[in-house]
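Here's a quick briefing on the model below, kept to what you'd want before loading it up. We'll go from contacts and overall shape to one helix.

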Amino acid sequence: MGSNGTASQTSAVAPPPSQGRLITVLSIDGGGIRGLIPTTIIACLEDKLQELDGPEAMIADYFDVIAGTSTGALITAMLAAPDDNKRPLFAAKDIRQFYLENGPKIFPQRKIGFLKPVANLLSMMRGPKYDGAFLHDKIKSLTHDVRIANTVTNVVMPAFDVRCLQPVIFSTYEALKDPLKNAHLSDICISTAAAPTYFPAHYFRTEGPEGKSREFHLVDGGVAANNPTMVAISMLTKEVLRHNPDFKPVEYGNFLIISVGTGSPKQAEMYTAPKCAKWGLLRWLYDGGFTPLIDIFSHASADMVDIHAQVLFEALRCEKNYLRIQDDSLVGPTSSVDIATKENMEALIGIGAELLKKPVARVNIDTGVYESVPGMGTNEQALECFARKLSDELKLRKKNFDSY
């Protein structure tokens, strides 16, 4: 429920959290073409909201912040960038088709042959696997000159600056305060999708008043926060500490968070210690079409955030306000971030659909295995419950805002 402008019931900018009881967050992991999994989950949530509030309801109407990394940032942009009527650019159900149409052009598949592994390795030694030209052009054509301060609800998108060797967090909140952080949405999406070895790093600069400027030398936000849930919570808490009038004094119990992953292959036993013990630099960077070092970093980053959030919400006795939907059983091509064949993309959509039928699960800190949570039903049932909470929150805010 965005607060980056004048509140209006006919736009996606709904009354701020101070008019209700909750602070609402949607978080979407990085994962390349596996973004098809969260698109299926989020489309289901939007369907539930439309059943409650009518066909015009869209995801951005209900969340104070949408956070996304890499492919999650692209989904975030499509959910939050404004169209000509200041409404979200895409309905959630339409994002899947975007991936199906453009995935094969973003990740063009090389012809299969017995020399393919050697050719791929040599290609990676020369430069990124993909030049990113189509992806860059497509993002720019979608978002035009929209800057992050102009999204229909607040967004948070992490990237990593290789020149400064530190994360850079782009957010609507920061952009409204600092013109030098008010970058074009296209530059941010290109940057946070620039996974090392897959796409080239992205350079751009922003201009501010009095001739000030800032340079950015960025790669994939997954290097720092492949799961951006805690980044979103931190940015919101920062606004509370700044005494942003949109927020009352906040406790974590006031957060309602839906965090959607792009699937994990870790339980498929892709790698073992005896196997990895023999690897040198090249095998860590390329192994049978996968990039083990990047995979390990991104999954470790995402799971650490999940564990942190899970323990935090349990400790504060509000675990029912935190929903993590993640699949940990990907095998073969579906575990890759860039196999964009029709067959694999349809398989990923199927995984998302099956994930809705699976019980709500949380990661076991000791084993890393996702275990079902008693009493919470399936992921689809949990989304239905969260949809009711989101709908009730929006109605409460509108009622309080009208009588304010």
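Let's start with how the chain holds together: among its contacts with a separation of 6 or more, 74% join residues 24 or more positions apart. Keep in mind that this is a predicted model.

**Overall build**
- The fold runs to 14 helices and 10 strands.
- A compact globule of 404 residues would have a radius of gyration near 22 Å, so the 20 Å of this chain agrees with that picture.

**Surface and burial**
- Out of 404 residues, 57% count as buried.
- The chain shows about 17,700 Å² of accessible surface, and carbon and sulfur atoms make up 56% of that.

**Charges**
- There are 42 positive and 46 negative charges in the chain.

**A look at helix α9**
- Helix α9 covers residues 229-241, which is 13 residues.
- From first C-alpha to last, α9 reaches 19 Å, close to the 18 Å expected at 1.5 Å a residue.
- Its buried residues are Thr-229, Met-230, Val-231, Ala-232, Ile-233, Met-235, Leu-236, Glu-239 and Val-240.
- In an α-helix there are 3.6 residues a turn, so residues three or four places apart point the same way.
- After α9 comes His-243, with a positive phi near 60 degrees.

Terms used: Residues numbered from 1 in each chain as written. Predicted model: local features only at pLDDT ≥ 70, side-chain atom pairs only at ≥ 80, totals over all residues. Heavy atoms only, no water. Helix = DSSP H or I, 4+ residues; strand = E, 2+ residues; numbered from the N terminus. Rg over C-alpha atoms; globule rule 2.2 N^0.38 Å. Buried < 20%, exposed > 50% of the residue type's maximum accessible area, 1.4 Å probe, protein only. Contact = heavy atoms within 4.5 Å. Areas by Shrake-Rupley, 256 points an atom, 1.4 Å probe, with all protein chains shown as cover. Lys, Arg positive; Asp, Glu negative; His and termini not counted. Charge placed at Lys NZ, Arg CZ, Asp CG, Glu CD. Expected span 1.5 Å × (residues − 1).
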